[in-house]
Protein chains: 2
Amino acid sequence: MPADLHAASPEDGALWQHETAQRNGLRESKMRRPTLEAVATRAGVSKSTVSRVVNGQTTVASDIRDLVMRAVNDLGYVPNPAARSLVTRRTDSVAVIVSDPPAGLLSDDPMFSMVVRAASREFEAAGKQVMLMLAGSPESLLRTRQFVTAGHVDGVMLVSMHGADPLPAALAGTGVPVVSHGRPAVTAELPWVDNDNVGGATQAVRHLLDQGRRRIATISGPLDMTAAQDRLGAYRETLRETGRRSIVAIGDFTRISGAEAMAQLLEDDPALDAVFAANDLMAIGAMRALRQAGRRVPDDVAVVGYDDIEAALYTDPPLTTVRSPMADQAVASARLLLGMLEGGSTASVTLPTELVVRDSA
Amino acid sequence: MPADLHAASPEDGALWQHETAQRNGLRESKMRRPTLEAVATRAGVSKSTVSRVVNGQTTVASDIRDLVMRAVNDLGYVPNPAARSLVTRRTDSVAVIVSDPPAGLLSDDPMFSMVVRAASREFEAAGKQVMLMLAGSPESLLRTRQFVTAGHVDGVMLVSMHGADPLPAALAGTGVPVVSHGRPAVTAELPWVDNDNVGGATQAVRHLLDQGRRRIATISGPLDMTAAQDRLGAYRETLRETGRRSIVAIGDFTRISGAEAMAQLLEDDPALDAVFAANDLMAIGAMRALRQAGRRVPDDVAVVGYDDIEAALYTDPPLTTVRSPMADQAVASARLLLGMLEGGSTASVTLPTELVVRDSA
DNA sequence: CTGAAAGCGCTTACAG
DNA sequence: CTGAAAGCGCTTACAG
């Protein structure tokens, strides 16, 4: 207590109040939340009973339940997740781990947005919180593995947006359920959900053939991704069946790589009359390159993409493409993991695709 | 033990092994991870000492430290986050809460991808895990508030991608540090990071004026968002200064809304010679509508967008736009929150914009 | 149907 | 510099 309290002036009083308010503010932010014990005391029952009510057990007499609920509401009680998780060994959360390329590459990829959002909705609807992790660098690989091992999450959904990902293997030994959105490149023993890349690419090339195109090139994705491998394989196979040769350039699923690959293709074979791009982003890049080279789409060169992202409706001309059910695939991945957490099936699933014909081919 | 064990045949043996392996597999997945106590026993020291080493305290003799580290590595020890969090009252994680529109609207918005990724990288670099939450429905609002109140996270970064969000207000009373990516519509007392919407929009309209355009329309974003309000306000103000009248249509920041707004505008004022779209997505929609109406860009109608997303490089013609530092803004938001967790500044920040002139205006 | 008690795996004063 | 002990806030057999 200040020594000069007996001489307190109104100003002193105001100052004092101010400091008190600040302290209260501070204390409030650090103040402990009401505990289960506080609720028990207020309701005049045991902690066990409160715990049962809070967890929805039906073995509690309804009048007692009401008593407890009132205390919970009065106090604004919310269970401490750390304490709960410590004893139940569940976290009620899952990790969505997205391989993040260095230097912002692919950073506005619509796939990221679609997949992460669709999966998140699904998980949240099932009462699971989602922890988003970006796994790019080697350190982050270690970090990710530690994180999962530590028991931070009940399960993992892997979204490999690039190469030969070491993550599936790294996560295999953790004993935590893992699913992969997209078939992983290394055949780890983990279930996945994918779309029918072979079927989709085959449809695309057949369509071009049906339109009377004869020199059909392709822009492939990076060859360490199974989606790229499968689409390229189907392109080659379909052409081979009709006795035509492949004309291939490799991109990395970005717009700019599509543009560069198209320029290369035009140089390699100026007489080509069609191109199948392994995704829409590269198709958009290819269309720009064609424009710059003075070729008309589809009159001179027909273009088919893959994915049917929304942007495919806004190209000039609108893009013919293979619809891959991105959101459905994400939802299916989430459900597969959710099922596994309940001890359900670990069977991988392949979703069908559909050709969407617009004006570019 | 099976009653017929004495009659076991080789086949039985194999079967038995198989079952054993399965059980071991099961047990392994449920098996308790090594605890701090196990490490202490193995190293022949107390739990306190192990804890100190694991947490990097420097007060431990180096030979003892080595002993402990060896035990940690041998056992593959990883601390249990729930137990740690229970006593430290920290979680070392933050929530990134994105307002998620119903029905997949905006779902491939590049903003989501850019902002979430940039912020995640920043948080992860600081050792914070990110919990991604989608807050769309009224239930999710409640859920979100509870989640934060329960102490699941040390701080919150809010990303309002639409309307008059009730979240800032709902989170204000929790005592948990919150920052907003983008100035919130309701003036809650929380720090934010935004780009200079007024400055950016002013640059856009001035540029159009400088090009000799005389009937300049705008496609605004939804008016419950401050970014939309500010951009529209600056458009109006700039035209007013030069004695011109505003021609306004309202979109919702999606491509399709941009196309519809443009069609409306053309109907309202067929003689317009320029349009300022409040984001690039709507500008892309507007360009499609102009194409369908037979207007050439920029000869008949000049178009300026806002954001400078990557797609702006791929329109025909390439889009003149205002560069808003999306990723920088997300990084700044993350840093602001990180700083607040250390007791640092709560000052809001505004980032500068820059006009990028390409061929559409 | 309800309660007392043990225990989940850590950290942190407090002694020494 | 190191250790014994208390305690974080829950859940869950185990009795009654």
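The largest share of the surface near DNA strand D, five residues, is supplied by helix 5 of chain A; a residue is near a strand if one of its heavy atoms lies within 4 Å of it. Helices (H or I, at least four residues) and strands (E, at least two) are DSSP runs, numbered from the N terminus. This is a predicted model, in which local features need pLDDT of at least 70 and side-chain atom pairs count only at pLDDT 80 or more, while totals for chains, interfaces and linings use all residues. Residues are numbered from 1 along each chain as its sequence is written, chains are lettered from A and ligands numbered from 1 in the order in which they are written, and side-chain values use heavy atoms, with hydrogens and water left out.

**DNA strand D**

- Around DNA strand D there are 28 residues, of which S51(A), S48(B), T49(B), R52(B) and R89(B) come nearest.
- Sugar or phosphate holds 65% of the atoms of DNA strand D within 4 Å of the protein, and bases hold the rest.
- Polar contacts are pairs of N or O atoms within 3.5 Å; within protein, one must be able to donate a hydrogen and the other to accept it, and residues adjacent in sequence count only if both atoms are side-chain atoms.
- The side chain of Y77(A) has a polar atom 3.0 Å from a sugar or linking oxygen of DNA strand D.
- Helix 3 and helix 5 of chain A, together with helix 3 and helix 5 of chain B, are the elements that give two or more residues to the surface near DNA strand D.
- This surface divides into twelve nonpolar, ten polar and six charged residues. Nonpolar covers Ala, Val, Leu, Ile, Met, Phe, Trp, Tyr, Cys and Pro; charged covers Asp, Glu, Lys and Arg; the others, Gly among them, are polar.

**DNA strand C**

- DNA strand C is surrounded by 28 residues, and the closest are S48(A), T49(A), R52(A), R89(A) and S51(B).
- Of the atoms of DNA strand C that come within 4 Å of the protein, 64% belong to sugar and phosphate.
- The side chain of R52(A) places an N or O atom 2.5 Å from a base oxygen of DNA strand C.
- A base nitrogen of DNA strand C is 3.0 Å from a polar side-chain atom of K47(B), and a base nitrogen is 3.4 Å from a polar backbone atom of A83(B).
- Helix 5 of chain B gives the most to the surface near DNA strand C, namely five residues.

**Residue V153(B)**

- V153(B) sits in the loop between helix 7 (138-149) and strand 3 (155-159) of chain B.
- V153(B) is buried, with a relative accessible area of 4%; buried means under 20%, exposed over 50% and partly exposed in between, with a 1.4 Å probe and protein chains only.
- Residues that V153(B) touches include T91(B), M131(B), F147(B) and V176(B), where contact means heavy atoms within 4.5 Å.

**A sheet in chain B**

- Six strands of chain B form an open sheet with mixed pairing, in the order 7-6-8-9-10-12; two strands pair if DSSP finds at least two bridges between them.
- Strand 7 (247-250) and strand 12 (354-356) of chain B stand at the edges, each with a single partner strand, so one side of each has no neighbour in the sheet.
- Strand 10 (residues 320-323) and strand 12 of chain B run antiparallel and are joined by three bridges.
- R323(B) has E354(B), in strand 12 of chain B, as its bridge partner.

Notes
Lists of a residue's contacts leave out its neighbours within four places in sequence.
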